Amino acid sequence: MLLQLALRQSSRACGRCSGAALPRAYTSASALHWPRSASPEFTTDRIRNFSVIAHIDHGKSTLADRLLEMTGTISKRSSNKQVLDKLEVERERGITVKAQTASMIYEHKGTRYLLNLIDTPGHVDFSYEVSRSLSACQGTLLLVDACQGIQAQTVANFFLAFSQDLTIIPVINKVASLYVVCAIDMVAADPERIARQMESAFDVDASEALKVSAKTGINVDQILPAVIERIPSPVGDREKPLRALLFDSWYDQYVGVVCLVAIKDGQLRKGDRIVSSHTENKYEAMEVGLMYPEQVPTGALYAGQVGYVVCSMKNAKEAHIGDTFYRLKHPVEPLPGFEPAKSMVFAGIYPVDADDFAQLEESIVKLTLNDASVNVQKETSLALGQGWRLGFLGTLHLDVFRQRLEQEYAASVIVTQPTVPFKVVMKDGKEVLIRTPADFPSPEHIPHHVSELQEPMVLATLIFPSEYLGPMMELCGTRRGEQQEYQYLDDHRVMIKYKLPLAEIVTDFYDELKSRSSGFASFDYEEIGYQESDLVKMDVLLNGKPVDALATVLHRSQIQVVGRDWAKRLKGVIQRQLFEVAIQTAVGSRVIARETVPAMRKNVTAKCYGGDVTRKMKLLNKQREGKKRMKRLGSVDLPQEAFLTLMNKGGSTGGR
Ligand SMILES: Nc1nc2c(ncn2[C@@H]2O[C@H](COP(=O)(O)OP(=O)(O)OP(=O)(O)O)[C@@H](O)[C@H]2O)c(=O)[nH]1
């Protein structure tokens, strides 16, 4: 019984991990020590809501650990590392993909404060998480690595915070490595230089920058006093009617949907009847509390506080991020809310074994309960059967989703080449969004019905040491980029901005960027709408039959290079079969490239003379295992790797 209770507790703590409970990686001081009657004590003047934003790997999660330790929210244990990175994929990849909230109590000059900290992801694909998390804050710690200096996501995140009028505290991290030759830039970490960079890029006062080491704890004790003294307390009146902003939600397999709310006005008590402004659905608040750092019920939340509410919501889709909750019979003006997340990269996901369709569907539904930014549509491919066309925020997001399907749900899937959403403007003025190459108009159809083909464009920011200026400009040039801006951040670092087609950066742009800059360049982008483009659909044919799941849309200038490359790559992964396999790439009826896989003999044990039964069995088993991972397309067996190899041309993870 006790064991069951412990397991239940442990998986509840990980409700955000879509039901796949992780072992508790840390010891929380929370549930036992939280003074349950404490929340009324924290009036708005004794609350600070702040986030930590930075480029990837600049130390946000490590700093969050130190702050949680300092305030006694978690105990000091060597095993307490990146405690707010709760997902398995986050721990394995060492990145944050989901913003996490934690409340702390901190005494400053004899007064106790309730501090609410939100650790945000650094990667561009998850900037949607950052922007909505900032709506629950009045200030932010802008963290910059003392070796690397300002990077592209530092700039992007700074502007997100700036546009929301937040107080920004500059923090230079990793100053402990001051006397060590920094492996990244091969120059000593130089906090003064970084402070000057921040001054020039963001117009902040360099003397206000805190210089800390999140790892060793140096100067970390200066952070919370600065938070209290510099960041304004939230405005809000607990005597007014309830206005609660829903800014995050997740599905917990035991209690259902958990909503994270920022109470802008009024109070939210257990048992209250509340209404969603978006849907007008009515709910009962069954449990309310603070994230300390796990869910700790407090019975009530008051104006200015950030916490969770479990209400009688049946379906996670009812939780509309940006919604306003109000108390039944006391309607209020809804808060502005947020733009919904826009999918920028689409890919088909299919079960390797068609029998696993129902199981995979269940896994996708569960996973998307905790990631509403994934766009889901059923799709049928002639080649792969029934599956889904999923929309993601970027290729890292896609890769993380695939990894979570495989790790948390043991799914075996085929992911097709990612594509961006193209636009077809018809002659009658109608606009059609094309999310899958299979829907792209045929060459015969275009002259009669289509007036323009368009592709999505982005404004990319690249930051790198000045000696890489040539290779970086060349890279952007070969990717059909147009230079927009050029600025020296200091004597060593340059920032350039390029207008680029999104399709060019969801392929291997990031890998190229890293290899041509020896790893020193960083980049970020924002969408800037659609632009006319000379697009064509390229088909892949196996023994003369087009495979719809392998089709892609390209700029006309790329057909020759990609066509030849794909034919070669497929030849490399398609095993020899009983008959010859012709691989062709083609645009309409024009063949671009052809490769041939010669025929082979079927009997894998033919060379196994004599009576060695175990060896024969081994070979046959191997052949059977191999077959399991094959997809039969007409008469040709296509391995899972065929899709992967094109994706890698292809789908780099676009961010790390
Ligand atoms: N030397 C040194 N290393 C640090 C310091 N702070 C963090 N690190 C290391 O930097 C790496 C990245 O730290 P994280 O805390 O995961 O960085 P993050 O900003 O949360 O990363 P993302 O969530 O991926 O954006 C880890 O290996 C940390 O141990 C520091 O003060 N000094």
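Helices here are DSSP runs of H or I with at least four residues, strands are runs of E with at least two, and both are numbered from the N terminus. This is a predicted model, in which local features need pLDDT of at least 70 and side-chain atom pairs count only at pLDDT 80 or more, while totals for chains, interfaces and linings use all residues. Residues are numbered from 1 along each chain as its sequence is written.

H5 covers residues 127-134 and H6 residues 152-163; their axes lie 10 Å apart at an angle of about 30° (lines fitted to C-alpha atoms over the stretch in contact, with angles from 0 to 180 degrees between N-to-C directions). The two helices are therefore roughly parallel (under 35 degrees).

## Residues in the helix contact

H5 contributes Ser127, Val130, Ser131 and Leu134, and H6 contributes Ala156, Asn157, Leu160 and Ala161 (C-beta atoms, placed from the backbone, within 7 Å). By class, five of these residues are nonpolar, three polar and none charged (Ala, Val, Leu, Ile, Met, Phe, Trp, Tyr, Cys and Pro count as nonpolar, Asp, Glu, Lys and Arg as charged, the others, including Gly, as polar).

## Strand pairing around E24

Strand E24 (residues 493-501) pairs with E22 (residues 450-465) in the antiparallel sense over nine bridges (pairing requires at least two DSSP bridges). Arg493 of E24 is the bridge partner of Pro465.

E24 also pairs with E23 (residues 482-488), antiparallel over six bridges. Tyr498 of E24 is the bridge partner of Gln483. E23 and E24 form a hairpin, with four residues between the strands.

How values were computed: Parallel < 35°, antiparallel > 145°, perpendicular 65-115°, else oblique. Contact = placed C-beta atoms within 7 Å.
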